[in-house]
Amino acid sequence: MQPLILTFQLALIVTAILFVLGVPLAYWIAFSRNRFKYVVETLVSMPLVLPPTVIGFYLLIAFSPQYFLGHFLESFLGVRVVFSFTGLVIGSVLFSLPFMVNPIKAGLQNFPLALMEASYVLGKSPWETLRRVILPNIKPALLTGIVMAFAHTIGEFGVVLMIGGNIPGETRLASIAIYNEVEALNYDTAGLYALILVAISFSILLVFYYLNRKPLKIF
Amino acid sequence: MIKLRLKKEMHTPIGKEWLDLDLNISKGEFITLYGESGAGKTTFLRILAGLTQPQEGSIEVDGEIWFDSRKKINLSIQQRKTGFVFQENSLFPHMTVRENLEYACGDKKYHSSIEEWMGAMGLKGLEGQKPDKISGGQKQRAALIRALISRPKILLLDEPLSDLDMNARFNLQDEIIKVYQKTKITTIMVSHDLSEVFKLSKKVFVIDRGKITKSGSPQEVFVNNDLSGKFKFTGEIIEIHKDGVINILTLSIGNHVAKVVASDEEIFGLTVGSKVIVAAKAFNPIILKA
């Protein structure tokens, strides 16, 4: 059970971090007139096209104690990123970023400008408008971001294997455990993990699509 | 007192135009802006509210400078806090009518006036309804209260009645007059409906392609002065029917439809949809008790 619990712990933490990061980032991309936003937008979507091993490889290099960033983190802050749970969180946040940011960005871009302006002329700041007017009206987009980021984190393999390795109780996630058991020819255990992952992922997505069948009615 | 002088480039369907305005509006006046679509009426309101920035000029409201391109002063939309009623429904869909109004209050001290406003505007009993459950007219009433409830310095109405049917429209016109008489708030209303202009305002500015071409009372501006009509109405042509040597015009005047005979010279240049003035000269109507 340990790999499954670890997987869901990771997915929860990653989704929470992504929500906090994703909303402001999506807001900035949706409404900023800064020229560089297209660069940021592109970077956010890179994990969609790159093989996970590429991101995993760069993270592994960046956070390796042999190089500057990894060395700095380890010697001054005592944090080891590679082959640790922290590393999995960082890798997963980067890798699932587009799954959180893109739906929220789309929700914000489709939000009627007149409602935002109506809030501004009532003397409300952009922050208050976001919190009290925009976010409550784009709940389907927020839900999509949350579910997709969560589900995608559960399904990760390449990035987490590259940066986290295969340490039981620390970095051995369900997806890695399956690979591990198959390598060891323990097909029964692998099959059990696989079945549980299928069942849980199916349930999450089924509930999500059911809730979103009439996007505006349920809220 | 609003003193305003501004220049703003507009992109219209027929190309670039300059909105070039220089006008003063006294405190407590009810002004209408009349003009074709694309003339710059809405842009003018948006500039006042701070939603759009002019290239140059200055805006002064009651001695306070809201915008000055030379001194680089530009009060934010929030600081100007104008009362703005948009053309389309702009109530927040996730809030009830009451929550919409409370959101607008900001300060709790205005909460007590919500009941009073709802009653005065005929919205009693709808407090708990979401906007999609009430009619277009009710939505715009709620939007009007929302714009007024925290006592803005100016009220800007951007064709708030244009999406309403005739009846709702007339009712809301009466409400706007009532509200204005009660609050005496400086009001600027955009309209391209002549009967509305006549009914609501004492002063009208006609905007054409970004410039003010005429201003004054609706009578002075629209009614041909050498016409000594005892009766004058503005209406819109619904149908032109040629019958032998005469033409029969069907006109919509207020919420009535009337048929009028016209000669070929009279209807020259008129088409269905043209705004016309219908006046009667030298006749005395019969008055009957209704």
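Visitor: How many residues of chain A are in contact with residues of chain B?
Guide: On the chain A side there are 14, and they touch 16 residues of chain B. Two residues count as in contact if their C-beta atoms, placed from the backbone, lie within 7 Å. This is a predicted model, in which local features need pLDDT of at least 70 and side-chain atom pairs count only at pLDDT 80 or more, while totals for chains, interfaces and linings use all residues. Residues are numbered from 1 along each chain as its sequence is written, and chains are lettered from A and ligands numbered from 1 in the order in which they are written.

Visitor: What makes α5(A) roughly antiparallel to α8(A)?
Guide: Helix α5 (residues 85–109) and helix α8 (residues 139–154) of chain A pack at an angle of about 160 degrees, with their axes 8 Å apart. That angle makes the pair roughly antiparallel, because the term is used for angles over 145 degrees, with under 35 being roughly parallel, 65 to 115 roughly perpendicular and the rest oblique. The axes are lines fitted to C-alpha atoms, for helices over the stretch in contact, and angles run from 0 to 180 degrees between N-to-C directions.

Visitor: How do you know the class of the residues in the contact of α5(A) with α8(A)?
Guide: Ala, Val, Leu, Ile, Met, Phe, Trp, Tyr, Cys and Pro count as nonpolar, Asp, Glu, Lys and Arg as charged, and the others, Gly among them, as polar. By that rule the contact has 9 nonpolar, 7 polar and no charged residues. Among its residues are Phe99(A) of α5(A) and Met148(A) of α8(A).

Visitor: Why is helix α1 of chain B called mostly covered?
Guide: In α1 (residues 41–49), 9 of its 9 residues are buried. A residue is buried if 20 or more other C-beta atoms lie within 10 Å of its own, exposed if 12 or fewer, and partly exposed in between, with C-beta atoms placed from the backbone. The buried residues include Lys41(B), Phe44(B) and Arg46(B). Across chain B, buried residues make up 35% of the 290 residues.

Definitions and conventions. Helices (H or I, at least four residues) and strands (E, at least two) are DSSP runs, numbered from the N terminus.
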